[in-house]
Amino acid sequence: MTPHAVVTGGASGIGAATCAALLDAGWAVTSLDLRPCADSRVRSAVADVTDAAGLTAAIADAAAGGRGIRALVCAAGVSGSALGDGPVDTVRPEVFDTVVGVNLRGAFITVGAAWPHLVAAAGAAVVTVTSVLGLTGGGGPFRSHAYITAKGGLVSFTKAVAAYGQTAGVRANCVAPGVVRTPFARRIDDDPALLAYVAAKQPLTGGPLDPADVGALIAFLVGPHSGAVTGQTIAADGGWRLDAEGWRE
């Protein structure tokens, strides 16, 4: 039977690129998002990761009909800066709640709802999408502290899932992209200083990353050639983390 993957946030950005990469690798794919995926090959369901009851029902429906869930990709997210996120002394509590609610709580609810289906599958895998900012703490013009908090939390959550799932044969890994050319990053193209900052931080690409590169990494991590990989956070950041850790020559 064709393996089945569920991708939250599959309608755009990294989620859409992941759907495409999984399809190319021979998976059947269901996208759970606030709007349908444009790719007609993807089975789409409208779902909100902050709505626990609705999301649980959507995941159960995705797994129905013998499809099961062999892979779960938590790519749904929201940009902090678009909502008024910023340094800790400036962020309103309701903004923090919204940003963390989507980016961290949403992944927590998603994995919990999908867990019985993942355990029932042979060799299932989970991938969450954090950010290089969750590994480095941001800095410079990237000071969205609620977003950074949520993305940092995803790293620990994914390790906990990996530890919990290993005896059940469920792997869990985290991907930490740098700045990626997605709808969230449109403001960068309109700001020459910000674009130059990103280009300097990501010299391998000289600017924002192609979401297809991140999607391909995720497809590998849920696929058959990564069966011994679990509990890892893998940066796809064009060199950002090397700079943050002082390894830039």
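Is Cys 74 buried or exposed? Cys 74 is buried, at a relative accessible area of 6%, where buried means under 20% relative accessible area, exposed over 50% and partly exposed in between (1.4 Å probe, protein chains only). The model is predicted: local features need pLDDT of at least 70 and side-chain atom pairs count only at pLDDT 80 or more, while totals for chains, interfaces and linings use all residues. Residues are numbered from 1 along each chain as its sequence is written, and side-chain values use heavy atoms, with hydrogens and water left out.

**Cysteines**

- The structure holds zero disulfides, a disulfide being a pair of cysteine sulfur atoms within 2.5 Å.
- Cys 74 is in no disulfide, and the nearest cysteine sulfur, that of Cys 174, is 9.7 Å away.

**Pocket**

- The largest pocket holds about 910 Å³ of space.
- On a 1 Å grid over the protein atoms alone, a pocket is an open set of points with protein on both sides within 12 Å along at least five of seven lines, whereas a cavity is a set where a 1.4 Å probe fits but cannot get out; lining residues have an atom within 4 Å of a point.
- Grid points are joined across faces, edges and corners, and a volume is the space filled by probe spheres set on the points.
- The pocket is lined by 41 residues, and Gly 77, Val 78, Ser 79, Tyr 147 and Phe 184 lie nearest its centre.
- This lining divides into 21 nonpolar, 15 polar and five charged residues; Ala, Val, Leu, Ile, Met, Phe, Trp, Tyr, Cys and Pro count as nonpolar, Asp, Glu, Lys and Arg as charged, and the others, Gly among them, as polar.
- Helix 1 (13-24), strand 2 (28-33), helix 3 (93-120), helix 5 (145-165) and helix 6 (186-189) each supply at least two lining residues; helices (H or I, at least four residues) and strands (E, at least two) are DSSP runs numbered from the N terminus.

**Cavity**

- There is one cavity of 30 Å³ or more, and the largest cavity holds about 50 Å³ of space.
- Its lining includes Cys 74, Val 102, Asn 103, Gly 106 and Leu 154.
- Helix 3 gives the largest share of this lining, five residues.
- The cavity lining has seven nonpolar, four polar and no charged residues.

**Nonpolar cores**

- A nonpolar core is a set of buried Ala, Val, Leu, Ile, Met, Phe, Trp, Tyr and Cys residues joined through side-chain atoms within 4.5 Å.
- The largest nonpolar core has 32 residues, of which Leu 32, Leu 72, Val 111 and Leu 118 touch the most other members.
- Helix 2 (52-63), strand 4 (71-74), helix 3 and helix 5 each give two or more residues to this core, and helix 3 gives the most, with eight.
- Another core, of 26 residues, lies apart from it and includes Cys 19, Val 73, Leu 209 and Ala 219.

**Single residues**

- Gly 215, in helix 8 (residues 211-222), is buried at 0% relative accessibility.
- Not counting residues up to four places away in sequence, Gly 215 touches Ala 17, Thr 18 and Ala 21, contact meaning heavy atoms within 4.5 Å.
- The C-alpha atoms of Gly 215 and Thr 18 are separated by 3.9 Å, with the residues 197 apart along the chain.
- Phe 108 lies in helix 3 and is exposed, with a relative accessible area of 54%.
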